[in-house]
Amino acid sequence: MSTNQPRPSKAQRREAARLKAKELREAEARRARRNTIARRSFIGGAGVAAAGGLGYLGYLAVNRNKKEFPAAGKGLATKKADQSGVPKQVLADASWTYGEGNKLDTIAASAPVLDIYFDYSCSHCAQFEGTHTQEINQLLSDKKITLALHPCKLLNQEWTSVVMNAMGVVLDEAPAQSLSFHGAAFEIFSQFIQTKNQSNMSVEGLVAAANKVNVPAEVSAKFKAAIDSDKYKNWVALGDKAFSDRGLQATPSVFFKGEKVDLNKLQSSTALTELVTGTTPTAQPSEQPSQQPAEQPAEQPAEQQGAEEGTAEQGEQG
């Protein structure tokens, strides 16, 4: 069908082609700009993601190395642990204190802190306890010290968990007898070291020891259930974490007024009293820890050479 419109001239066709080409170029330029922006956004996002990932890794590294507990001997924990599986009077670093005689969870006003890190399966800890129990009790009675006891399972022996489960029951339900029971538990282990007879290292042995220090029978009757269920396993783990976070390596480790005490100078039954009263210079800076030879776990009687020889000056290491 014919039309009356005139055919475009050559010049008009050339101009139309030029405009069309310009339109195509502009469209291509817009597409190229969009692609460039998209690429930059992707690269920027990837950079942010990478930076975020590195930041997260940095966060993990910092928090992995973060110590949740103050340095050994540098003050008492200020809060209770307040968690399931930990005795209610125990502090956030697994320790517990006496400052007014044998009264649990007390401090002696203005008196320095004596920190003792120990393992209930450590023969040298048992020897230390046997040597110094009487004078520690006297120092507490005179309000000369605040005693902070720090348990751990350094030697990874089941006996430690057994005792700590029984101790947890006593701390929760018979706090007035807790310090005496602490000593009685070590006495069981000392007897084993001397006789190589493990018969008292049992629930029944702990119940008998509890009865001797006037733990009520209805309390000691709960030992078996606590031990069988590992009721206080979180306390054991907390003690190990605090010990590790503080960079300690041997038990017993003793600190007084923030200084590590040389165990070689605590051999006599009055050495702690002399330390506290200042009559004998028995403390050494904590930056110079004594290097103690390792001893085998206590449940292996044939390898208890250090205990048999009574070398209480040597600490036990994991």
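Helices (H or I, at least four residues) and strands (E, at least two) are DSSP runs, numbered from the N terminus. The views below show a predicted model, in which local features need pLDDT of at least 70 and side-chain atom pairs count only at pLDDT 80 or more, while totals for chains, interfaces and linings use all residues. Residues are numbered from 1 along each chain as its sequence is written, and side-chain values use heavy atoms, with hydrogens and water left out.

View 1. K196 is found in the loop between α4 and α5 (203-212). Its phi is positive, about 60°, although K196 is not a glycine. Most residues other than glycine have a negative phi. K196 counts as partly exposed because its relative accessibility is 30%; the classes are buried for under 20% relative accessible area, exposed for over 50% and partly exposed in between (1.4 Å probe, protein chains only).

**View 2. Helix α4.** The 18 residues of α4 reach 26 Å from the first C-alpha to the last, close to the 26 Å expected at 1.5 Å a residue. The expected span of a helix is 1.5 Å times one less than its number of residues. α4 is mostly covered, with 13 of its 18 residues buried.

**View 3. The aromatic pair F118 and F186.** The structure holds 10 aromatic pairs. The ring centres of F118 and F186 are 5.8 Å apart and the planes stand at 70°, so this pair is edge-to-face. F118 lies in strand β3 (residues 113-118) and F186 in helix α4, so the pair ties together parts that are 68 residues apart in sequence. Both F118 and F186 are buried. Ring pairs also link W96, F118, Y120, F186, Y232 and W235 into a cluster. Rings of Phe, Tyr and Trp (its six-membered ring) pair if their centres lie within 6.5 Å; planes under 30 degrees apart count as stacked, over 60 as edge-to-face and the rest as tilted.

**View 4. The second largest pocket.** This pocket has a volume of about 160 Å³. Its lining consists of N102, T133, N137, L179, S180, G183, A184, E187 and V213. Helices α2 (123-141) and α4 (178-195) each supply at least two lining residues, and α4 gives the largest share, 5 residues. By class, the lining has 3 nonpolar, 5 polar and 1 charged residues. Ala, Val, Leu, Ile, Met, Phe, Trp, Tyr, Cys and Pro count as nonpolar, Asp, Glu, Lys and Arg as charged, and the others, Gly among them, as polar. On a 1 Å grid over the protein atoms alone, a pocket is an open set of points where a 1.4 Å probe fits, with protein on both sides within 12 Å along at least five of seven lines; lining residues have an atom within 4 Å of a point. Grid points are joined across faces, edges and corners, and the volume is the space filled by probe spheres set on them.

**View 5. The kink in helix α2.** A kink of about 55° in α2 is centred on H132. The bend at a residue is the angle between axes fitted to the seven residues ending there and the seven starting there. Among the buried residues of α2 are H124, F128, H132 and I136. Just after α2, K143 takes a positive phi of about 60°.

View 6. The peptide bond from T251 to P252 is cis, with omega near -5°. P252 sits in the loop between β5 (250-251) and β6 (253-256).
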